[in-house]
Amino acid sequence: MTSPTRFFDQVNINFDRAAALTDHPKGILDQIKAINSLIHFSFPVKRDSGEIEVLHAWRAEHSHHMLPTKGGIRYAAMVDEDEVMALAALMTYKCAIVDVPFGGAKGGVKISAYEYSEAELERITRRFTFELFKKNFIGPGLDVPAPDYATGSREMGWIADTYATLAPQDINALGCVTAKPIQQGGIQGRTEATGRGIFYALREVCSRGRDMRPLGLMPGLEGKRVVVQGLGNVGYHAAKFLEEDGGAVIVGLIEYEGAISAPNGLHVEDVMAHRRETNSLLDFPGAENLEHRDAGLELDCDMLIPAALENAITEENSPRIRAKIVAEAANGPVSAEASRMLDERGIMVVPDAFVNAGGVTVSYFEWLKNLQHVRFGRMEKRFEEKAARQILNAIEQTTGTSFSDTEISGFARGADEIDLVNSGLEETMVRAYHEIREIKESCAEDIDLRTASMISAINKIALVYKHRGIFP
Ligand code: NAD
């Protein structure tokens, strides 16, 4: 069987596989699957040269079962209607899996971002935001964008400023977009949240001997040989946390310009410094250059982490994948058919809608911060510190021992925003994994983690429709 080329069809194949194992009414399943709103528009942008260019852009709001809808904005030459629909649908399932109370959305502008100056990108981003505003596709209670491929906190800052200018009466204006710069209502820990979430997720996935034994692996991340494709926001942070906090060995890295391997391990920060200096991963001292970048995907390793774009692994190259675990850090990097083939070969695929959900989780925390207009930890930090000091004093008095200053400042520390964000992120990823694992374990059929996570999403969304009913 050859996979359909449409990305949205691929997502729906995965949906249908899971839906067939539930007993929800067909109409409800159809409603969960449907794209609720979709716009395509074009707008002019003035290039630095004075020329005018017409650009195409889309925003898909996949599911209004919860509002606002939430999802990134992508700048790429391959952006089209099919891609935003697929990515919006994945966002709906992702939010449900990690209990983030949003519907899914996604948007994109069809441009290769590197061909535009910073000033041009600012004009494009502001005009794009203006178009979304005119069409009621942006607002803290309606639809809240975030970064995706080739966009980051800089673009989110422009979006927030444009929206706030257009809606000066909206006291919650800063909640119209997430992953903003901290000074503009952003939250500590958002930049690295997707990568950190991947680390928490994979630590949990690898934690049980019972799950690792069939793969021929020992439990734990320590010493796992990892290959990462794409060293952007997601891939870089995932590689960094896996190496530094998990003790994994990064044996291969793949970027646009090529791939390198080193069986004894690469230090991600050193490779990044080399890439900044030379504009390339290649020729990193002590590593081997591979013949072609995609050969990196086929390296012998324990864990492969595609973190670039969709369709990195298809039925064409899936027979050559030698990893034992494939963790979908990007959205849709393994086609539906390739995923089935990997599963048949006993390779565990950790699905995108779960493993990369750390970004939207911390975006949710940022949105909450914007609505409550106060930094997390501000009210309770000192109170917690004082309460802990009182307990330490009482222990000192009753036991006659005294704590050192270092011990006191370690034990009696109130939580800062970053502590609370990371704690909430860890709890979210761990809890979601256990829900998925339980569904997998209790299913009468032998299902993969993707199907189990999709069942988790479908059950939660169907429950919302069941309790809410269908209007009118
Ligand atoms: P990014 O633009 O920061 O990084 C992507 C990197 O991939 C770039 O460095 C690019 O050069 C590289 N790349 C592109 N094509 C490649 C190829 N063929 N081989 C190797 N490298 C290649 O984007 P990002 O924000 O890290 O997003 C990456 C993926 O993760 C996307 O699928 C996105 O939808 C998904 N994602 C992002 C977030 C987030 O918070 N940013 C959250 C969840 C999922």
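How many residues surround the ligand, and which are the closest? In this predicted model, where local features need pLDDT of at least 70 and side-chain atom pairs count only at pLDDT 80 or more, totals for chains, interfaces and linings use all residues. Residues are numbered from 1 along each chain as its sequence is written, and side-chain values use heavy atoms, with hydrogens and water left out.

The ligand is surrounded by 22 residues, and the closest are Asp148, Thr194, Val234, Glu255 and Asn331; a residue counts as near when one of its heavy atoms lies within 4 Å of the molecule. By class, this shell holds 10 nonpolar, 7 polar and 5 charged residues (Ala, Val, Leu, Ile, Met, Phe, Trp, Tyr, Cys and Pro count as nonpolar, Asp, Glu, Lys and Arg as charged, and the others, Gly among them, as polar).

Polar contacts are pairs of N or O atoms within 3.5 Å; within protein, one must be able to donate a hydrogen and the other to accept it, and residues adjacent in sequence count only if both atoms are side-chain atoms. Glutamate 255 places a polar side-chain atom 2.5 Å from an oxygen atom of the ligand. The protein buries 88% of the 830 Å² that the ligand exposes when taken alone (Shrake-Rupley method, 1.4 Å probe; for residues, only the protein chains shown count as cover). Two or more shell residues come from each of α8 (233-244) and β7 (249-255), where helices (H or I, at least four residues) and strands (E, at least two) are DSSP runs numbered from the N terminus.

Helix α8 also contains histidine 237, a buried residue with a relative accessible area of 12% (buried means under 20%, exposed over 50%, partly exposed in between, with a 1.4 Å probe and protein chains only). The histidine 237 side chain reaches the backbone oxygen of asparagine 233 at 2.8 Å. Leaving aside residues up to four places away in sequence, histidine 237 touches Thr191, Glu192, Gly195 and Gly232, contact being heavy atoms within 4.5 Å.

Turning to helix α9 (residues 268-278), Val268, Val271, Met272 and His274 are buried. These residues lie on the same side of α9 because they cover an arc of only 160° around the axis, taken from the directions from the helix axis to the C-beta atoms. The buried residues of α9 pack against α8, β7 and β8 (258-261), whereas the face turned away from the buried side carries the exposed Arg276 and Glu277. Just after α9, asparagine 279 adopts a positive phi of about 65°.
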